[in-house]
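Hello,

Here is the structure I promised to pass on.

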Amino acid sequence: MNGKSEVTEYYSGLFTGNIEKITGGSSEVINSFRSKAFERFSELGIPGKKDEAYKYTNLDLFFKHDYKTYFIPGEEDFRKAEDFRCDVADLDTHGIVLMNGFYPTINGKLRDLPGGVVIGSLNAASYKFPSLVEKHYGKYAASETDGLIHLNTAMACDGVFIHVPRGSVLRKPVQVVNLVDSQEDTFSQHRNLIIVEEGAEFTLIICDHTLAPSRFLTNAVTEVFVGKNARFNIIRVQNEHNNACKVTHTFIHQEADSYASSNNITLHGGMVRNSTCHYLGGERAECNSYGLFLSDKWQHTDNYVYVNHAFPNCTSNQLFKGVLDEMATGAFNGRIFVARDAQGTMAYQKNNNILLTDDAKMDSRPQLEIYADDVKCSHGATVGQLDENALFYMQSRGIGKREARLLLMFAFAHEVIQNIKVDALRERLDGLVMQRLKGELSRCASCMVKCG
Amino acid sequence: MLSIKNLKAAINGKTILKGISLEVRPGEIHAIMGPNGSGKSTLAAILAGRDFVSVTEGTVMFSGRNLLDMSPEERSREGIFLGFQYPIEIPGVSMVNFMKTAVNEHRKHRGQDPLSASDFLKLMREKKELVEIDSALANRSVNEGFSGGEKKKNEIFQMAMLEPRLAILDETDSGLDIDALRIVANGVNKLKKPDNSTIVITHYQRLLDYIVPDVVHVLYDGRIVRSSGKELALELEEKGYDWIKKEVENQE
């Protein structure tokens, strides 16, 4: 038996051994996807080095481990979630806290917001709005190659549901705080479904935190539907400890004339892999995909981006950056696919990385697959050090070397941060990035974990 | 103020400076001229503290301290300013942030508190007017997308902000049209005080129509082969460098 099937076996066992718990609390809609997904997972398994999309990320480091997994949380699990307060000053949002992937039970499971917007538990929504959930659930999170997506579909029991109905504009963002907390090493999988209908506007902030020093593994899938003429922004801030592994898969399906942006800011985390798939499924749709990570020690960060230009006259833009210190490693895979009929496509990609030491390592791989002929496409990847001439120039004006390096790194990172349109969050992130670059731990005050 | 004695230096093992001695006293303006490849920029690089040049012999003292022992930032804080021949673009770092950090590092060095945001902006405004730099430039990233002339004006603006005791202007006139040249030269003249000194490194005489030197040195093949009053510059303009080269070769 080789290593891959052994680890796949373990997760298969989690499913077969807990099938009643998994299906017992879930609605028919969600259960209807499970057996097919499990079959696909069994075929594909946990991705290994042979999988192109995971070539530079050794998931075994975290997946080969015995975790506690639970499918029906108790009330006590949510007490901390209820107590959790985001400490970002002036950040005015509608808040949701998920604990180990579940929506807290103590208060109502679904909330009505202005404009007919509903936010809350996916599980609850699948009972209350079965046809709406059925219309979108499992429709965008598709993969022929990635077993983890199917593992999530097979096993996920809850997560966030957001419905922004036609023409509704929610001024305040919704903020989802994902907490993982347990005295035992824990594996959790949640599933989010975001529906932004025609002409609606919506911003989602997702913050990932760890609350205990145990080992954590998360495999999360988020499906987003962005209707005609709708606007959607997702900002993900990851701040987990070095013993935590976060694997996220975000699928954003866009209709004609819509706009979507995604911004993944990884401040801290043992192993992080974010995959963001943009499907431009209607003419003149536009998407911007941004990412920034700051890593040190043995941290590993992998950003996978896939932009699918399925229709003509769409525009996409990718900007991903990384600053790697000490022995940190990272990977970037940026795939642009332009279908045969997708004339008038404009697709841009940029990946820049700074290695602060000789031991840090970054693999950057642009992949362009273009079948149309009227296309404007560009890509560029750099892996380098800080510009010595710029450092000297600043020193020659009296700025110390350390300060000069900070200014340069901050400027480098800010090119990504500046795209965040939520002012309070952007300012806070600028501050956190500066702290992180100074080597001060940039955890939020609520984090109890000292993982330095 | 600046005392260079028998300075020899090499880049990648190749000797560039072959024994330079130079005394600059407070208030003096010195011009260093010379043909391409004579060692002018190497001299400027040593004074600024670039590490690709290795000093093999000789001393450089600045106000009684060994300059060669000081880091580039220390030199700046002690009052040396280098105007770059090719100013560096720093995308993402705003001029305001850059200058504020620099000015406050200088203040810290002198034991002063940092300037408040409003005092700093006021200072910037004054200095911008003094050197006739376009207001919008200060809101952009350092030198990013600046034209050649704008970059050189920006050097003079930074000099105005930092008020050095010794300014070394390395080919500040290269690539400037006559209007930009006049603005740059006017800036330097306005910043002139009785006790600060300037070294103007230039290939051409024309800058010296505006900035009048006390002494002109001719650098050739790593040595100062002639030092004289400002009339030497005019002579060079008229006759070129060939006669000096011949003189030197005849002596050898």
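In this predicted model, helix H11 (residues 401–417) of chain A packs against helix H12 (residues 423–437) of chain A: their axes come within 10 Å. They cross at roughly 145°. The crossing of H11(A) and H12(A) is right-handed.

The contact residues are as follows.

- From H11(A): Leu406(A), Met409(A), Phe410(A), Ala413(A), His414(A) and Ile417(A).
- From H12(A): Arg426(A), Leu429(A), Asp430(A), Val433(A), Met434(A) and Leu437(A).

By class, nine residues in this contact are nonpolar, one is polar and two are charged.

Next, the backbone. Most residues other than glycine have a negative phi. Two residues are worth a look here.

Asp257(A) is not a glycine, yet its phi is positive, at about 60°. Where does Asp257(A) lie? It is in the loop between strand E11 (244–254) and strand E12 (259–268) of chain A.

Is Lys297(A) buried, exposed or partly exposed? Partly exposed, because 13 other C-beta atoms lie within 10 Å; a residue with 12 or fewer would be exposed.

Best wishes

Note on methods
Residues numbered from 1 in each chain as written. Chains lettered and ligands numbered in written order. Predicted model: local features only at pLDDT ≥ 70, side-chain atom pairs only at ≥ 80, totals over all residues. Axes fitted to C-alpha atoms, helices over the stretch in contact; angles between N-to-C directions. Helix = DSSP H or I, 4+ residues; strand = E, 2+ residues; numbered from the N terminus. Left-handed = near helix turned anticlockwise from the far one by under 90°. Contact = placed C-beta atoms within 7 Å. Nonpolar A, V, L, I, M, F, W, Y, C, P; charged D, E, K, R; others polar. Buried ≥ 20, exposed ≤ 12 C-beta atoms within 10 Å, placed from the backbone.
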